[in-house]
Amino acid sequence: MGTDYRAKIAAVSKAEVHFDILSSSTALTEPQCSLTLFQGLPKAGKLETIIQKCVELGISEVVPVAMERSVVRLSKKLERYQRVAMEASKQSRRGVIPRVGGLIEPKEIDPAAFDALLLAYELESEHSIKNVLDALDGNIKRVGVIIGPEGGISDEEAKLFASLGAQSFSLGHRILRTET
């Protein structure tokens, strides 16, 4: 994960600042489990808020996903989104700057990259987030969470995610906004 450094300024020039490292330690602000958010592409403007708040909460990576019910397509704002992640990291004193990935299709999610792949699905009635998390092995290090766009996840996408091994769960009886 991240490393925190305690340093002393050794030299300053117009182009550089040199430091002497006095000590280093594991970043205390980083979670032990790496969490990747696969976010169904929301309407314009909402992705920045999602990135900002998720970074503040400790997410490791945000990957926008072009889903069937996504109403817009990602503009060429990847650099801007990465800057939002950097600013949110600084504000929340994170030890790392989470990555914002480029736009992918649902079929491009690689379940092998995760110890658990979870799907927040509004039509799930059997599994709550609590019992899904309780059932996970305590040695989980990498988790992927899929959140749909406005309008939710289509039946075909839900079937695709299930075929990838995603465990669907309910967030309760209310329908939440994608940014929530």
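Helices (DSSP runs of H or I, at least four residues) and strands (E, at least two) are numbered here from the N terminus. On that basis the chain contains four helices and eight strands, in the order β-β-β-α-β-α-β-β-α-β-α-β from the N terminus on. The structure is a predicted model, in which local features need pLDDT of at least 70 and side-chain atom pairs count only at pLDDT 80 or more, while totals for chains, interfaces and linings use all residues. Residues are numbered from 1 along each chain as its sequence is written, and side-chain values use heavy atoms, with hydrogens and water left out.

The C-alpha trace spans about 60 × 40 × 30 Å along its principal axes. Burial is judged by relative accessible area: buried means under 20%, exposed over 50%, and partly exposed in between, with a 1.4 Å probe and protein chains only. Of the 180 residues of the chain, 37% count as buried. Contact means heavy atoms within 4.5 Å. Among the contacts with a separation of 6 or more, 77% are made by residues 24 or more positions apart. For a sense of distance in space, Ala15 and Glu124 can be taken as a pair: they are 109 residues apart in sequence, and their C-alpha atoms are 56 Å apart. Ala15 sits in the loop between strand 1 (3-12) and strand 2 (17-26), where its relative accessibility of 73% makes it exposed.

The packing of two helices comes next. Axes are lines fitted to C-alpha atoms, for helices over the stretch in contact, and angles run from 0 to 180 degrees between N-to-C directions. The axes of helix 1 (residues 46-57) and helix 2 (residues 78-91) come within 8 Å of each other and cross at roughly 35 degrees. This crossing of helix 1 and helix 2 is right-handed, a label given when the near helix is turned clockwise from the far one by less than a right angle (left-handed if anticlockwise). Helix 1 contributes Leu47, Glu48, Ile51, Gln52, Val55 and Glu56 to the contact, and helix 2 contributes Arg80, Tyr81, Val84, Ala85, Ala88, Ser89 and Gln91. By residue class, the contact holds seven nonpolar, three polar and three charged residues. In this scheme Ala, Val, Leu, Ile, Met, Phe, Trp, Tyr, Cys and Pro count as nonpolar, Asp, Glu, Lys and Arg as charged, and the others, Gly among them, as polar.

Charged side chains also pair up elsewhere. With a salt bridge taken as a side-chain nitrogen of Lys or Arg within 4 Å of a carboxyl oxygen of Asp or Glu, a search of the whole structure finds six. One of them joins Glu150 to Lys46, with the closest N and O atoms 3.0 Å apart. This pair links distant parts of the chain, since Glu150 is in the loop between strand 7 (142-147) and helix 4 (155-163) and Lys46 is in helix 1, 104 residues apart. Glu150 is buried, at 18% relative accessibility. Lys46 also meets Glu179 in a salt bridge, at 3.7 Å from N to O. Here the separation is 133 residues, with Lys46 in helix 1 and Glu179 in the segment after strand 8 (167-169). Glu179 is partly exposed, with a relative accessible area of 30%.

A further salt bridge joins Glu61 and Arg99, whose closest N and O atoms are 2.1 Å apart. Glu61 lies in strand 4 (residues 61-65) and Arg99 in strand 5 (residues 99-100), so the pair ties together parts that are 38 residues apart in sequence. Glu61 is buried at 17% relative accessible area, whereas Arg99 is partly exposed at 46%. Shared partners, in turn, join Lys46, Glu150 and Glu179 into one network of salt bridges. Leaving aside neighbours within four places in sequence, Glu61 is in contact with Leu35, Thr36, Leu37, Pro98 and Arg99.

Finally, the cysteines. A disulfide is a pair of cysteine sulfur atoms within 2.5 Å, and by this rule the count comes to zero. Cys33 is in no disulfide, and the nearest cysteine sulfur, in Cys54, is 14 Å away. That distance from the sulfur of Cys54 to the one in Cys33 is too far for a bond.
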